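Colleague: Hi! Could you walk me through this model?
Modeller: Happy to, let's look at it together.

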Amino acid sequence: MAKKPLGLDSMGIQKTMRFGDYMADAGGQFALNAISGLVGAITYFYTDKVGIAALTAANVALIAKIIDAFTDLIMGKIMDNGKSPKGKCRPWFLRMAIPAFVAIVALYTVPKGMSNAGQFAYLLITNLLASAVVYTAIAIPYVSLMVMRTKSIDERNKMGIFRAALGYIIGMVIAIALVPITNMLGPDGVADQAAYIKFAVVVGAIAMILLFVLYRKSEEKAAAEEKPDDGLPFMQSIGMLFKNKYWVLLLIVNLFSNIIYALTSAAGTYYAKWILGNDNLIGIMGAAGLIPTFVGFAVVGPMTKKLGIRKTLLVSFAIGIFGALVRVFFPDNLIVTLTAGLLPSFATIPMMCLSSPMNSMATDYNDYLYGNKIVGMSASASSFGGKIAGGLGSAMIGWILAGVGYDSAAATASAAVRYGIYSFSIYLPLVLLVVMFLLTTRFDLESKYVDIMKAVHERKALTTEE
């Protein structure tokens, strides 16, 4: 039976994707979040299951994060210069499928009996392999794929939602279930290194299979209709990107969004212990935090369809601002923390879903400005900013605590410490949300998109005729 023909989207652009295409595409986000989630959660395994010094683990994480951010820019340049007949993005999913499996498992196969220098070298190499090589070599093409896969903004929005949802699922499995599952796999209900390796093998195998499926289903249909971009010199590409006001706006909003995410991820334990008086409350706060997440994923699709991208983000940021303002006036109230405190978390979900579609629009705007989409560098520079923001957000907490004289052995928090915790839990996210709201009001590319793409098409038609 022949498949029903696909129609036009809300902007009159031809659709190209079906449900199976969205699911296959989202598998790439599963693989990426599996790697980032396991790398993010590995410090406990190092210190408590392998016996590695906490300082060694911290130094490895810091060095790997710095190198990882810069490899994004290198990968963007490599991808833009790619000449494969399969496309610029698609070949990398096949190339990285098996390395993804190897990298995930290698994180947990730390040899025993090594010297301190040997352990440090192994940890650094495996972290770099997982993050700076495999993750980056998948992530930059994967972000770029959206603009190469379809011209439909509606389909790109839907791709963003599918990606965020599937990526969030594996992220939550690692965050919540890693310890219980590995304990179940370990002897006498206690996880050992072998239990973690078993978990890594399963997750790595799923990630590898999903990357093979992504390669199989990810035709670069939109790009196939056009002359491929020519690679540009590195500094010229960067300079052109910073003259694209929409790309710059998105870069800053994404940067602030990642800082908020890093702050809220790490601030909860301090808030529960020193402000609310019981660190066990972090479990309740974490469980309550799932509510705005699930609601956010459920409503972002209908909101985007009804309001468009910009208005959806403005509404979500306004909700987050309201919640943060309420917390300013009732910072010590548990009920307020568990209710109004959830609203800033909700505000970040639409941005998580829509940042890739917005980046694809900004990439198309490069084509309008320069006749070159600069696809790889557009994605890599944004990813670079996100990784720097994640490290910056985590560092801000340490800087603030050091500045207010934080003492983990104190019986109670001093006034300075309390306000320090308020600052990274409430005040700083509030300021960033306000700035994100104001910047998003300037992102009017969506309303101009049809005319811009029409102008690009007409220019290319004239070039072809000549």
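**A chat about helices**

Modeller: Let's begin with α5, which has a kink of about 40 degrees centred on T136; the bend at a residue is the angle between axes fitted to the seven residues ending there and the seven starting there. Helices here are DSSP runs (H or I, at least four residues), numbered from the N terminus.

Colleague: Where does this model come from?
Modeller: This is a predicted model, where local features need pLDDT of at least 70 and side-chain atom pairs count only at pLDDT 80 or more, while totals for chains, interfaces and linings use all residues. Residues are numbered from 1 along each chain as its sequence is written, and side-chain values use heavy atoms, leaving out hydrogens and water.

Colleague: Is α5 largely enclosed or open?
Modeller: Largely enclosed by the rest of the structure, because 26 of its 34 residues are buried (under 20% relative accessible area, with a 1.4 Å probe, protein chains only).

Colleague: And at what angle do α3 and α5 cross?
Modeller: Roughly 35 degrees, with the axes of α3 (residues 54–80) and α5 (residues 116–149) coming within 8 Å. Axes are lines fitted to C-alpha atoms over the stretch in contact, and angles run from 0 to 180 degrees between N-to-C directions.

Colleague: Which residues make the contact?
Modeller: Among them are I63 and I67 of α3 and L124 and L128 of α5; contact means heavy atoms within 4.5 Å.

Colleague: New topic: is A200 buried or exposed?
Modeller: A200 is buried, with a relative accessible area of 0%. A200 lies in helix α7 (residues 193–217).

Colleague: What does A200 contact, leaving aside its neighbours within four places in sequence?
Modeller: I104, V105 and Y108.

Note on methods
Helix = DSSP H or I, 4+ residues; strand = E, 2+ residues; numbered from the N terminus. Buried < 20%, exposed > 50% of the residue type's maximum accessible area, 1.4 Å probe, protein only.
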